[in-house]
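Here are my notes on the model, as numbered points. Please read them with the structure open.

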Amino acid sequence: MDNTEFIKKAKKYIEEIYKPYNNKIYVPMPETRNLFLPVTIGCSYNKCLYCGLNKNIIFKKLTLEEIEENLKKLQFITKNNRRKVEKFNLLGGNPLVLKTDYLVEIARLIRKYFPEVKYISSFSRVDDIIRKSYDELLLLRDNKYNRLSLGIESGSDKILDFQRKGVTSEDNLAAMKKLEKVKIDYSAYIILGFGGVKYSRENALETAKLLNKVHPFELVVVNLVYFPNAPLLDKVKIGEFKRLSPLQSLEEEYLLLSKLEMENVIFNATHKNNIIAIKGKLPEHKNSMLKKIRENIKKYSIKL
Ligand code: SF4
């Protein structure tokens, strides 16, 4: 097969594999360079107030035959890659909701086509982790599910409840501790502005309090995204929820970071939605990151 023919076929395969996501593929920030494997479409929970990602999408799991078909196509697409494909990310809002046996079968299929696989990652809801026994989590870890991305969002029960996250801060802590016990690496997503203006301080303080008890390898700190079809927008319209200004977002971020006493964790606030991009290791870079936020708080205060 000549190069033109290869490119044509690979393009066709990519379209076929990712068509069910309508060009909207969301992957955890630390995993954007992985190979993306569709396993679920939508989110089995789909009730978060702020989320518009999966509205009107009925949750569905792909059959093992469909997953294998996609793996064959991915193997073809990546056959000329200089580097071996070692890192995977399962697509969908919460693939860990799948039964453990099913996830193990998916891992077996991945190994069949990509024997060099180092880890399989995915977004995960906290309650999906809590529902799994320690034995199940160990089985998953042994099958390369050794790097997950948890939607923690906040440490405040009041805010989690308002945003209809369906879990408490205690659940957040329990899930992270469970992963630590079985030695599955995880990143924790945190949302600035999750409590709006009214609970901005509470969001920073309670989240820092929670995070100081755990050891993710990375904190992914993002600003709250206002999805056009998220029910939260109705609350914004009637004034029940006030979004943070850029200055308020920086102040919340400053308070959060200043209260963190974590060790050996990356603080990653480089999402394009953040007011400024900062990234560094805690505790080594804490002061320089705080300095950068302080400088920007000054700039934004002058603009007012
Ligand atoms: S935020 Fe995550 S868990 Fe909540 S509805 Fe959206 S995809 Fe599902």
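How far apart are Glu105 and Arg108 in helix H3, in residues and in helical turns? Point 2 takes this up.

1. Ground rules. This is a predicted model, where local features need pLDDT of at least 70, side-chain atom pairs count only at pLDDT 80 or more, and totals for chains, interfaces and linings use all residues. Residues are numbered from 1 along each chain as its sequence is written, and side-chain values use heavy atoms, with hydrogens and water left out.

2. Glu105 and Arg108. These two are three residues apart in helix H3, so about one helical turn separates them. (Helices are DSSP runs of H or I with at least four residues, strands are runs of E with at least two, and both are numbered from the N terminus.) An α-helix has 3.6 residues a turn, so residues three or four places apart point the same way. The side chains of Glu105 and Arg108 form a salt bridge, with N to O at 2.9 Å. The term requires a side-chain nitrogen of Lys or Arg within 4 Å of a carboxyl oxygen of Asp or Glu. Glu105 is partly exposed at 27% relative accessibility. Arg108 is partly exposed too, at 39%. Here buried means under 20% relative accessible area, exposed means over 50%, and partly exposed lies in between (1.4 Å probe, protein chains only).

3. Asp128 and Arg131. Helix H4 (residues 126–131) holds another such pair: Asp128 and Arg131 are three residues apart, or about one helical turn. Their side chains meet in a salt bridge at 2.3 Å, N to O. Arg131 is exposed, at 55%.

4. Other salt bridges. The count by this rule is 15. One of the pairs is Glu240 with Lys235, at 3.4 Å from N to O. Glu240 is partly exposed at 44% relative accessibility. Salt bridges also link Lys12, Glu16 and Lys73 in a network.

5. A positive patch. Which residues form the positive surface patch? They are Arg33, Arg83, Lys87 and Lys118. Patch residues have over 30% relative accessible area and no salt bridge; like charges are joined within 9 Å, and nonpolar side chains (Val, Leu, Ile, Met, Phe, Trp, Tyr) within 5 Å. Lys and Arg count as positive, Asp and Glu as negative, while His and the chain ends are not counted. Each charge is placed at NZ of Lys, CZ of Arg, CG of Asp or CD of Glu. Areas come from the Shrake-Rupley method with a 1.4 Å probe, and for residues only the protein chains shown count as cover. Lys118 sits in the loop between helix H3 (100–113) and strand S5 (119–124). Lys118 is partly exposed, at 45% relative accessible area.

6. Helix H10. Check its length. Helix H10 (residues 246–259) has 14 residues and should span 20 Å at 1.5 Å a residue; its end C-alpha atoms are 20 Å apart, so the two agree. The expected span is 1.5 Å times one less than the number of residues. The buried residues of H10 include Leu247, Leu250 and Leu255. Glu252 and Glu253 are also among the buried residues of H10.

7. Backbone points to inspect. Leu282 and Pro283 are joined by a cis peptide bond, with omega about 0°. Pro283 is in the loop between strand S10 (278–282) and helix H11 (286–303). Glu153 is not a glycine, yet its phi is positive, at about 70°. Glu153 belongs to strand S6 (residues 147–153) and is buried at 6% relative accessibility. Arg164, also not a glycine, has a positive phi of about 50°. Arg164 is in the loop between helix H6 (157–162) and helix H7 (169–181). Arg164 is partly exposed, with 41% relative accessible area.

8. Arg111 and Arg243 are 132 residues apart along the chain, and 45 Å separates their C-alpha atoms. Arg111 is in helix H3 and is partly exposed at 32% relative accessibility. Asn268 and Ile190 are 78 residues apart along the chain, with 10 Å between their C-alpha atoms. Asn268 is in strand S9 (residues 265–269) and is buried, at 4% relative accessibility.
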